[in-house]
Amino acid sequence: MGGILRIHTDEGLTGEAHTGRGLIVADLVKRRIRDDIVGRDPLWRELLWHRLWELDRIEEFPIYALGLIDIALWDLAGKAANLPVHQLLGTFRDAIPAYASTVTFSCVEEYLDVADQCIEAGYTAIKLHAWGDPRADAELCHKLRTHVGDTYPLMYDGSAGFDFTDALYLGHALSEAGYTWYEEPMREFSVTAYRRLAERLTVPLLVAETSDGAHMNVADFITAGAAGSVRTSAQYKGGITGAMRIAHLADSFQLRAEVHGPGIVNAHLCIAIPNTTYYESLIYSNPVTREPAVGPDGMLRAPSAPGIGYEQVS
């Protein structure tokens with residue numbers, strides 16, 4: 001069951017954050033969060049962001065719940081300033097290319113058909129979610145590369161489906177086929193395993209998508225030499241504040257911080273973060289339907305409504 005978290009001010013402004021797990025979030029707000037933040041200044045986002053981490057120490061929050069207060073506070077601040085959130089963050093661009101991020105399809109032929117449709121729809125790159133079979137996935141990745149040619153950007157997402165041996169096998173295939181990145185091939189508990197994988201492959205690893213600890217954990221991946229680039233997002237990294245911390249951390253190492261997942265909140269991040277290259281647009285079906293936020297030229301344009309602008313997508 002979904003839900004909307006709202007923060008109200010005594011001046012009549014309201015900030016929102018949306019979640020797909022309303023019952024769990026409502027319980028946390030009632031038992032742990034509400035009494036700690038009611039009465040505080042909503043513009044003190046840094047303090048409130050740290051307060052949520054202190055509460056997380058007492059009762060570890062689900063990764064998707066940790067940043068909801070922060071998202072709502074940024075929405076509120078944007079409305080107070082009558083500016084979209086990306087302008088508060090510091091706008092870097094007015095549009096960004098979108099890539100087509102597939103669900104799992106039945107066979108190689110269907111993937112090739114979907115790829116043709118994605119290219120026709122204007123998408124500037126394609127990322128595969130495949131079957132989790134290293135040999136079948138390697139064959140698919142090679143055939144898709146042959147199908148679209150050498151210059152069209154392709155990525156692969158393992159969704160943490162492999163152990164080290166299978167991740168290495170598939171990684172060699174992705175390296176040979178010139179894929180742009182190799183995302184989350186293994187569970188992200190072991191930075192050491194990722195370092196060993198990175199040492200043996202030429203395809204860049206895109207890491208720290210679902211790992212706990214926001215920028216603190218991402219720093220371990222980077223300094224261990226396990227990251228070709230890193231994931232950042234509002235939903236898994238402590239809201240907008242946490243996502244920007246990761247982007248700045250990655251930038252200091254001359255790495256990209258690729259924004260994970262679609263949606264209006266992450267659209268603001270894509271527009272504001274210099275060292276990200278794409279907006280992730282999910283392809284749920286065949287025939288392909290392009291996400292409404294993405295234009296026929298494959299570009300996502302900057303949101304314009306004050307705050308986050310949920311009403312633009314409702």
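Visitor: What makes the backbone nitrogen of Ala193 and the side chain of Ser190 a polar contact?

Guide: The backbone nitrogen of Ala193 sits 3.0 Å from a polar atom of the Ser190 side chain. A polar contact is a pair of N or O atoms within 3.5 Å, one able to donate a hydrogen and the other to accept it, and sequence-adjacent residues count only if both atoms are side-chain atoms, so 3.0 Å qualifies. One caveat: this is a predicted model, where local features need pLDDT of at least 70 and side-chain atom pairs pLDDT 80 or more, while totals for chains, interfaces and linings use all residues. Residues are numbered from 1 along each chain as its sequence is written, and side-chain values use heavy atoms, leaving out hydrogens and water.

Visitor: Why is Ser190 called partly exposed?

Guide: Its relative accessible area is 31%. Buried means under 20%, exposed over 50%, and partly exposed in between (1.4 Å probe, protein chains only), so 31% lands in the middle class. Ser190 sits in the loop between β6 and α8.

Visitor: What makes the buried residues of α9 line one face?

Guide: In α9, that's Ala214, Asn217, Val218, Phe221 and Ile222. Their arc is 145 degrees, so they line one face too. They pack against α2, α8, β7, β8 and α10.

Visitor: How do you know that Arg145 has no salt bridge?

Guide: Arg145 is buried, and the nearest side chain of opposite charge, Asp150, is 5.2 Å away. Lys and Arg count as positive, Asp and Glu as negative, with His and chain ends not counted. Still, the backbone oxygen of Ala177 lies 2.8 Å from a polar atom of the Arg145 side chain.

Visitor: Which residues touch the most other members of the largest nonpolar core?

Guide: Tyr156, Tyr179 and Tyr182, out of 100 residues. A nonpolar core is a set of buried Ala, Val, Leu, Ile, Met, Phe, Trp, Tyr and Cys residues joined through side-chain atoms within 4.5 Å.

Notes
Helices (H or I, at least four residues) and strands (E, at least two) are DSSP runs, numbered from the N terminus. The arc is that of the directions from the helix axis to the C-beta atoms. Contact means heavy atoms within 4.5 Å. A salt bridge is a side-chain nitrogen of Lys or Arg within 4 Å of a carboxyl oxygen of Asp or Glu.
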